[in-house]
Structure formats: structure tokens, C-alpha cells
Amino acid sequence: MYDDFANPWNIRLKWVYLLGVVFALLMPVFYTIYISFNQHGFGARIYEFTFDWYRVVLGDTLLVVSLKWTLYLALAAIVATIPMALLSAKFYKRTRRKVAFVALMLSPLFVPADIMGSSLLVFFKNLANGFVWLDEVLGVYWFDGWFDLGFLTALIGQVIYVHPYAFIVILITMSRYRVQQTEAARACGATAWQAFWQVEFPQIRVGVFSSCAFVTILSFNEAVRTALLKGGFDTFSNMLVAQMLNIGMSGESYAMAGIMSIVSMLVIGSVIVFTLLRAERLERRARAMAQPLMAS
């Protein structure tokens, strides 16, 4: 929204500065996309534009499988994290020890990724050995394989990592909601679920959907904890890191990274444009409704 009393050149300069900062931050992404269209790959002295890497990228089985595992982890992280973050935010609204509760929720962010991953690795190893011992004592095989490194342990590591972010995003949106509205709905005969779904959720769903986006982005980019806890499968980030440390990224890897980068920027850009256009439309409607009042 523009200020009628502000210098328009100041506003334009601020936009130029903002776009310059965003462009500088996205320079590595643009460079990766640029390399993905080079027929000779990274580090080549000759640059020849081609779509060949994009045509054959789906033929790289390792990349496709790693991308599938990454997607499965992201979906599972959303399903596991969002309800937990929502319940945490609702509990924060009711508790009297708000500072202590927020400190507890944000504590995983203060632990470095390698330390957290290593600690969880040792914990799951000992836990799995404990279940093996329990099987031997009981003479059964009910607990065989529990908490061996795999999808579940990687998911737990990611949930611990992304939960604080989802909690904060939902909490910010929920701060505008008043608990008295839920109490009024319950007084009118609504059940607890009806009061939440019909009264509270429509007012906080922006935060819930935003936290879903946050969890997806963080899950796709998480590598350290997942590498230590994943067991026998690879995610896309781990695959790229392994290639860079061993043989270097292939042309197909650059093409897959380019596809993910382009799709992400298009989705985020579309959301931003839609939000700005909707905000502008709502502002014009508000001004139109306010004009008769101002005239009278």
C-alpha cells in the first residue's frame, strides 16, 4: 500500500533494494539452473545450451527413487507435525507458564544438527538393542526390528527439527483468535470439534497452511539429521551431497535440482502475486465502501 504523502522515488528505491537482496540470495539457485542447461556440465570451458539433461533425468533411477523418499518424508512430516504444533499452540493459549512453555518448544533449535542427529542415532541404537534383549528375555519376536534405522527414525528426527517452526507459525496466527469465541460456540450447543472446525479453524487456517509449507520446505532441505538416521534409503539432499563429495554432481542431478528450483519459485511467486492482487482488491473494496461515509 502506498502512502499518499511519501516520495514515490523513495518507494521505488526500496523496491529496487528489496529485489536486489532477493536476487543476490537466489544467485546460487540461478547458477544451478544455468549449469543444468549446459551440455558439458559443471566446470566445462564450453557452454552449449541443451535440454538433453531434462529429457533423460527421469531415467536416473537413483535420483527418482531419492526424490520419492524425500516426498514421502515430507508428507509424513506434515501429517505428524501439524497436529502436534496445533495442539502445542492451543496449550500455550491456556497455560500460565508461557515463557517456560515457549522455551521448551524452541529448545531443539538451539542444538546443532550434527549433535542432535548423533544423539538420536545413539539413542535409537540403544533402544533397538533394548528391544532385542526384551525379545530374548520373553522368548518372542514381537519387538524384532523396532527402532532400527529407517524411515521411522528419520521421520522422528525431522519432526523434532520442524516442529518448533510449525508451532511458531501457527501461534502467530492464533494470537488474533479469542478463546471466548469457542466458549460462545460451546454455550450455543456446539461440540468441542464443531467449535474448533466451524469457528476457530477458519480464522487460523492461514497459519496452518503456512506451517504446512514451512514443514515441506524444511523437510526437503534437511540433510544432516536424515543422513544419520535414514538407514538404507537416500533422500534427494543426501544424494546430492554424496555425489558432490565423491564423483561430483551429474548432469541429471543438475537438471533435477533445476526442476525443483523452478517449480518452487513458480509456486511461491504465484502465491505472492495472488496475495498481493487479493490484498489490493480488498483495499479498493474497503475504500469504495468508505467513500459514502466520508462524503456524508
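Which residue lies over the face of Y92, and at what distance from the ring centre? The residue is K98, placed 4.5 Å from the ring centre. A charge is said to sit over a ring if NZ of Lys or CZ of Arg is within 6 Å of the ring centre and within 35 degrees of the ring normal. R12 is arranged in this way over the face of W9, at 4.9 Å from the ring centre.

The model is predicted, and local features need pLDDT of at least 70, side-chain atom pairs count only at pLDDT 80 or more, while totals for chains, interfaces and linings use all residues. Residues are numbered from 1 along each chain as its sequence is written, and side-chain values use heavy atoms, with hydrogens and water left out.

Aromatic rings also meet one another. A pair of aromatic rings is described by the distance of the centres and the angle of the planes. Rings of Phe, Tyr and Trp (its six-membered ring) pair if their centres lie within 6.5 Å; planes under 30 degrees apart count as stacked, over 60 as edge-to-face and the rest as tilted. By this rule there are 24 aromatic pairs. One of them joins F201 and F209, whose ring centres are 6.4 Å apart and whose planes stand at 85°, so the pair is edge-to-face. F201 is buried at 14% relative accessible area, whereas F209 is exposed at 53%. Here buried means under 20% relative accessible area, exposed over 50%, and partly exposed in between (1.4 Å probe, protein chains only).

Ring pairs also connect F123, F124, F131, W146 and F147 into a cluster. F147 belongs to the loop between α6 (113-138) and α7 (151-174); helices are DSSP runs (H or I, at least four residues), numbered from the N terminus. Most residues other than glycine have a negative phi. F147 is not a glycine, yet its phi is positive, at about 65°. With 24% relative accessibility, F147 counts as partly exposed.

The next topic is charge. Side chains of opposite charge can pair when their charged atoms come close. A salt bridge is a side-chain nitrogen of Lys or Arg within 4 Å of a carboxyl oxygen of Asp or Glu, and the whole structure holds four of them. Among them is the bridge between K90 and E200 (2.9 Å, N to O). This pair links distant parts of the chain, with K90 in helix α4 (residues 61-94) and E200 in helix α9, 110 residues apart. K90 is partly exposed at 27% relative accessible area, while E200 is buried at 4%. Another bridge joins D52 and R55 (2.7 Å, N to O). D52 and R55 both lie in helix α3 (residues 52-56), three residues apart, about one turn of the helix.

N238, in helix α11 (residues 236-245), is buried, with a relative accessible area of 8%. A polar contact is a pair of N or O atoms within 3.5 Å; within protein, one must be able to donate a hydrogen and the other to accept it, and residues adjacent in sequence count only if both atoms are side-chain atoms. The side chain of N238 makes such a contact of 2.6 Å with the side chain of T235, and it reaches the backbone oxygen of A223 at 3.0 Å.

Terms used: Helix = DSSP H or I, 4+ residues; strand = E, 2+ residues; numbered from the N terminus.
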